[in-house]
Amino acid sequence: MRIPRALTIAGSDSGGGAGIQADLKTFAALGVYGMSAITAITAQNTVEVTMIHDVPVEMVREQIRVVLQDIGVDAVKTGMLHTSEIIEAVASELKNVQAPIVVDPVMVAKSGARLLREEAIRTFIEELLPLAHVLTPNAMEAEVLSGIKVRDLDSQKKAARLIADLGARGVVVKGGHLPGEKVIDVLYYDGEFKLYESKRIESKNTHGTGCSFASAIAAELAKGRSLFEAVGIAKKFIFNAIKNGLPIGRGHGPVNPLGELYRAAEKFAVLEDMRRAVK
Ligand code: PXL
C-alpha cells in the first residue's frame, strides 16, 4: 500500500486555527501523512498577532532536507514565509523536488498583521512563484501579484493569466473576498480556465480558510489526482470546514477541517445503535 505523504512549509499559529496547525489537520482529515517545516513562530489568538519569531534559515532548510532524504514527499504546500532569506532558502531546497508544489502566497493575516514583509514580495515572485504547480491567491494577493484590480469574475480571470505569465504553472484566484451570493474560484492551468462555484456561507469563523484550502489541494495531489480534480475536492472540503467553523475566541474563530469527519462518524455510531436496538 502506498501512503500519500505531504509536507507543509509554513508558520505556526499558537491559536491553532491557521498555518501549520490548519495544514496538518487538513492532511489528516484527507487521509494523507503530514510533515512540517516551520518557518516562523507566531504568537496569536483569534483577534491579533502579537509577535513573530523567524526560525533561522539553516533550521528551515534542515527540516526540509531531513524529511525529503528519509521519508520523501508526494506533494508540498508552502504558506507563511515572512522574509526574503526564508523564501530563498525554501526555493533552493525545493528546486530539485519532483513532487507538485502548492504555493499559498500568504501576505496578511485575517487580523491585519503582515506575514510577508513588503520587501520580500519581489523575492517571492522571482524565486518561489516559478516553482509552483499551483498558486492560490485571494483577491487582494492576486492584485499585488498581477498589478491589476481584482473585483469580479472577469478580472479574476485576467489576474490568473497574468500571474501564470510570471511562471506559475497553475493559478487559482479565489473569490471568497469578492461580493456576491456565490463564491467562484477561477483556476487557470496549462492555458485552460475552470470555474468552481459554491454557495457563500456567512460566518465570522473563517480563520485558516486559505491555509486549509491550499493544504487540501496538496493532499489530493499527493494521492495522484489531477489539479482539476484536486481543486474541486478542496473547494467542497473548505465549504464544509467553514460550515463547521468553531465559535472560539473573541475574533475570527477557526474553520474546522475535521468537522465533516466527526459528523460522518456520529452518523455511523447512531446507525450501529439502531441496528443493535432492533436486534
Ligand atoms: O491565513 C494565513 C496565515 C498563514 N500562516 C499563519 C497565520 C496565518 C493567518 O493568521 O497565522 C502562521
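Predicted model: local features only at pLDDT ≥ 70, side-chain atom pairs only at ≥ 80, totals over all residues.
The buried residues of helix α2 are covered by elements that include β1 (5-13), β2 (33-44) and α3 (84-94).

Helix α2 runs over residues 57-70, which makes 14 residues. From its first C-alpha to its last, α2 reaches 20 Å, close to the 20 Å expected at 1.5 Å a residue. Its buried residues are Val 60, Gln 63, Ile 64 and Val 67. Viewed down the axis of α2, these buried residues fall within an arc of 90 degrees, so they line one face of the helix. On the other side of α2, Gln 69 and Asp 70 are exposed. After the helix comes Gly 72, with a positive phi near 85 degrees.

One of the elements covering α2 is α3, and α3 has its own pattern of burial. Eight of the eleven residues of α3 are buried, so this helix is largely enclosed by the rest of the structure. The buried positions of α3 are Ser 84, Ile 86, Ile 87, Ala 89, Val 90, Ala 91, Glu 93 and Leu 94.

Asn 244 is found in the loop between α8 (227-243) and α9 (259-278). Is Asn 244 buried or exposed? The relative accessibility of Asn 244 is 15%, and a residue counts as buried under 20%, so Asn 244 is classed as buried. Leaving aside residues up to four places away in sequence, Asn 244 touches Asn 256, Gly 259, Glu 260 and Arg 263. With Glu 260 there is also a polar contact, side chain to side chain, at 2.9 Å.

These elements belong to a protein chain with nine helices and nine strands. The radius of gyration of the chain is 18 Å, close to the 19 Å that the globule rule gives for 279 residues, so the chain is as compact as a globular protein of that length. Along the principal axes, the C-alpha atoms fill a box of roughly 65 × 45 × 40 Å. Of the 279 residues, 53% count as buried. Among contacts in the chain with a separation of 6 or more, 67% come from residues 24 or more positions apart. The chain exposes about 13,200 Å², and carbon and sulfur atoms supply 55% of that area.

Definitions and conventions
Residues numbered from 1 in each chain as written. Heavy atoms only, no water. Helix = DSSP H or I, 4+ residues; strand = E, 2+ residues; numbered from the N terminus. Expected span 1.5 Å × (residues − 1). Buried < 20%, exposed > 50% of the residue type's maximum accessible area, 1.4 Å probe, protein only. Arc of directions from axis to C-beta. Contact = heavy atoms within 4.5 Å. Rg over C-alpha atoms; globule rule 2.2 N^0.38 Å. Areas by Shrake-Rupley, 256 points an atom, 1.4 Å probe, with all protein chains shown as cover. Polar contact = N/O pair within 3.5 Å; in protein donor to acceptor, adjacent residues only side chain to side chain.
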